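Here is a friendly walk through one protein model. Have a look at the structure first, and then we'll go through some of its parts.

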Amino acid sequence: MLLVRNIRLPLSCTERQAVQEALRILHLPAAAVRESGIAKISVDARHRKPVLVYTVAITLNDEGAEPAYAGAAPCVAVSKPVRLILPKGEKTLKTRPVVCGLGPAGLFCALLLARQGLRPLVLERGPALEERVKAVKHFSATGELNPNANIQFGEGGAGTFSDGKLTTRIGDELCGFVTETFLQHGAPAEIAIRQKPHVGTDLLRQVIASIRREIEQLGGEVRFDTALTGLTVKNGRLAGIETTEGTLPCEVLVLAVGHSARDTFAMLQKSGLNLTCKPFSVGFRAEHLQTAIEESLYHEAAGHPALPHGEYQLSQQVGGRCVYTFCMCPGGQVVASANEEGGVVTNGMSYHARDGKNANAAVVVSVDGRDFDQDPARAIAFQRRLEQAAYRAGGGGYAAPAENVPSFLAGQGRLTIGRVQPTYDRGVTPYDLGSLLPEELAATMRTGLSAFERKIAGYTAPDAILTGLETRTSSPVRLPRGEDFQALDLPGLYPCGEGAGYAGGIMSAAVDGLRVARAILGRYKAGD
């Protein structure tokens with residue numbers, strides 16, 4: 001297959017015209033082409049006149065002739081399909097592998113194990129999606145929290161109630177496997193070509209449930225409402241696990257519990273495993289009108305039907321810390337994401353259509369082990385204190401403290417609702433958000449936000465709103481593992497995904513799940 005990159009066309013042009021331009025660059029007649037289409041599409045809006053940038057994929061009738069066209073222009077290259085090559089282990093497990101957690105990491109780990117005949121047992125502390133959605137809606141409407149069925153816990157993990165973003169900075173052939181699997185299970189076809197692919201919370205739920213059903217059809221088993229509570233060790237190796245539903249023999253345990261399983265982290269430390277601190281971030285959710293963001297990004301072309309919903313990613317180094325935006329949700333809403341009583345946690349989500357009036361994004365500042373004397377327990381306690389302070393500031397009932405951006409910059413604690421209507425589902429209360437953070441972090445956030453105004457006009461507009469607190473950007477801890485993906489302190493235990501400190505986001509977590517599965521498959525084979 002030939003890839004013709006960097007075909008830059010006006011917004012008025014069609015995909016067919018992009019293919020025609022690729023054929024012109026290659027000096028190819030249409031009769032020589034067996035198949036053609038768009039491999040990738042993005043927007044370049046840097047010079048106030050947005051253009052579409054295409055990569056076109058072309059397969060010739062004579063595939064053997066394709067290498068001769070590589071280098072016909074600087075933008076032309078030959079691409080060969082990447083095959084997922086799996087190692088073949090020689091040992092047979094006495095017990096089937098157990099995967100703890102059914103977020104993206106656990107889901108894709110279990111899927112690959114199931115496809116290779118290892119029939120994994122998956123434990124998920126929360127319920128299946130249908131019941132989980134009911135629990136989330138109930139909490140949103142009443143403020144009655146189920147600690148095991150919420151936006152953090154349940155089938156699909158925290159990513160299920162987000163934007164379903166598949167954007168990642170990792171360069172790994174396994175990303176293609178994840179995308180292809182999503183497509184096989186009903187994700188929209190556009191995720192294969194968009195520069196910033198997203199599924200949307202509404203469609204992602206269906207995809208996740210479909211993948212889980214494939215695992216079950218292949219002989220895997222999923223036990224919902226079952227939490228991991230302990231480990232059994234014999235002769236220095238994992239020999240069994242304790243759960244809320246009883247004990248199980250276990251030689252291989254994939255620990256993919258997500259970034260909010262604080263009780264599990266405590267259990268691991270009590271069991272003698274060494275957790276380390278890792279960087280994470282804290283801050284707020286920023287809301288602006290979606291149309292205002294697009295006007296700043298696309299200028300006079302804002303609203304053109306060929307343009308995707310405008311999204312941004314901003315960062316500013318301030319001293320030894322970074323203030324940045326994270327998990328930007330065009331046309332979305334801010335959601336109540338607590339999983340512990342008496343704590344307010346914010347997050348963002350949007351549906352596939354992204355047709356809400358507001359854009360929202362986390363605006364956060366980095367912290368790391370140096371802030372906590374390299375003590376993971378202190379890092380977790382710091383998160384919890386912030387969340388409890390936000391709960392009190394909101395006045396109870398999981399309402400959240402909020403204020404306008406200029407008010408935060410001035411330390412005034414004022415909230416005037418204008419064009420931007422706050423979308424946080426449990427309601428907001430005016431409050432001085434800076435007073436909820438350590439003074440140095442609040443000052444750093446103010447410097448970073450002021451810099452963002454120079455990058456996106458109107459970012460500190462009078463009606464822009466900050467809602468707090470955002471504390472779960474990633475896991476505050478890491479469970480160290482070796483090159484064989486097993487925990488350094490306990491053979492047979494495979495730390496995996498975001499909760500174990502090895503991923504951040506749906507795609508990277510899913511890829512890490514596949515890496516761990518591949519490591520297991522390199523040691524073990526399916527039994528008879």
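Let's start at one residue: Cys-327 lies in strand S16. Strands (DSSP runs of E, at least two residues) and helices (runs of H or I, at least four) are numbered from the N terminus. The phi of Cys-327 is near 55 degrees, which is a positive value in a residue other than glycine. Is Cys-327 buried or exposed? Cys-327 is buried, with a relative accessible area of 17%. Here, buried means under 20% relative accessible area, exposed means over 50%, and partly exposed is in between, using a 1.4 Å probe and protein chains only.

Before going on, a word on where all this comes from. This is a predicted model, where local features need pLDDT of at least 70 and side-chain atom pairs count only at pLDDT 80 or more, while totals for chains, interfaces and linings use all residues. Residues are numbered from 1 along each chain as its sequence is written, and side-chain values use heavy atoms, with hydrogens and water left out.

**The chain as a whole**

The chain has 11 helices and 25 strands. Its radius of gyration is 24 Å, close to the 24 Å that the globule rule gives for 528 residues, so the chain is as compact as a globular protein of that length. That radius is taken over C-alpha atoms, and the rule is 2.2 Å times the number of residues to the power 0.38. Along its principal axes, the C-alpha trace spans about 70 × 65 × 40 Å. Buried residues make up 56% of the 528 residues. Among contacts (heavy atoms within 4.5 Å) with a separation of 6 or more, 73% come from residues 24 or more positions apart.

**The seven-stranded sheet**

Strand S16 belongs to an open sheet of seven strands, in the order S15-S16-S19-S14-S22-S20-S21, with mixed pairing. Two strands count as paired if DSSP finds at least two bridges between them. The edge strands are S15 (315-318) and S21 (428-430), each pairing on one side only. From one strand to the next, the twist averages 30 degrees. Angles run from 0 to 180 degrees between N-to-C directions, and axes are lines fitted to C-alpha atoms, for helices over the stretch in contact.

Helix H7 (residues 290-298) packs on this sheet, touching S14, S16 and S19, and its direction makes about 95 degrees with that of S14. Which residues of H7 are buried? They are Gln-290, Ile-293, Glu-294, Ser-296 and Tyr-298, and they pack against S2, S14, S16 and S19. After H7 comes His-299, with a positive phi near 60 degrees.

S20 (residues 400-404) is mostly covered, with five of its five residues buried. Ala-400, Ala-402 and Asn-404 are buried on one side, and Pro-401 and Glu-403 on the other.

Here are some strand pairs from this sheet:

| Strand pair | Sense | Bridges | Residues standing opposite |
|---|---|---|---|
| S14 and S19 | antiparallel | 10 | Ala-286 and Ala-361 |
| S20 and S21 | parallel | three | Ala-402 and Pro-430 |
| S20 and S22 | antiparallel | three | Asn-404 and Ile-465 |

Leu-469 has its place in strand S22, and the peptide bond from Gly-468 to Leu-469 is cis, with omega near 5 degrees.

Another positive phi turns up at Asp-373, near 50 degrees. Asp-373 sits in the loop between S19 and helix H8 (376-394), and at 60% relative accessibility it counts as exposed.

**The four-stranded sheet**

Four strands form an open antiparallel sheet in the order S2-S3-S1-S4. S2 (33-44) and S4 (76-78) stand at the edges with a single partner strand each, so one side of each is left without a neighbour in the sheet. The twist here averages 25 degrees from one strand to the next. Three bridges join S1 (residues 2-9) to S4, and Leu-2 stands opposite Val-78. Helix H1 (residues 15-26) packs on the sheet, touching S1, S2, S3 (51-60) and S4, with its direction at about 120 degrees to that of S1.

**A pair of helices**

Finally, the axes of H2 (residues 104-115) and H11 (residues 506-521) come within 7 Å and cross at roughly 35 degrees. Residues of H2 including Phe-108 and Leu-112 meet residues of H11, among them Ala-510 and Leu-514.
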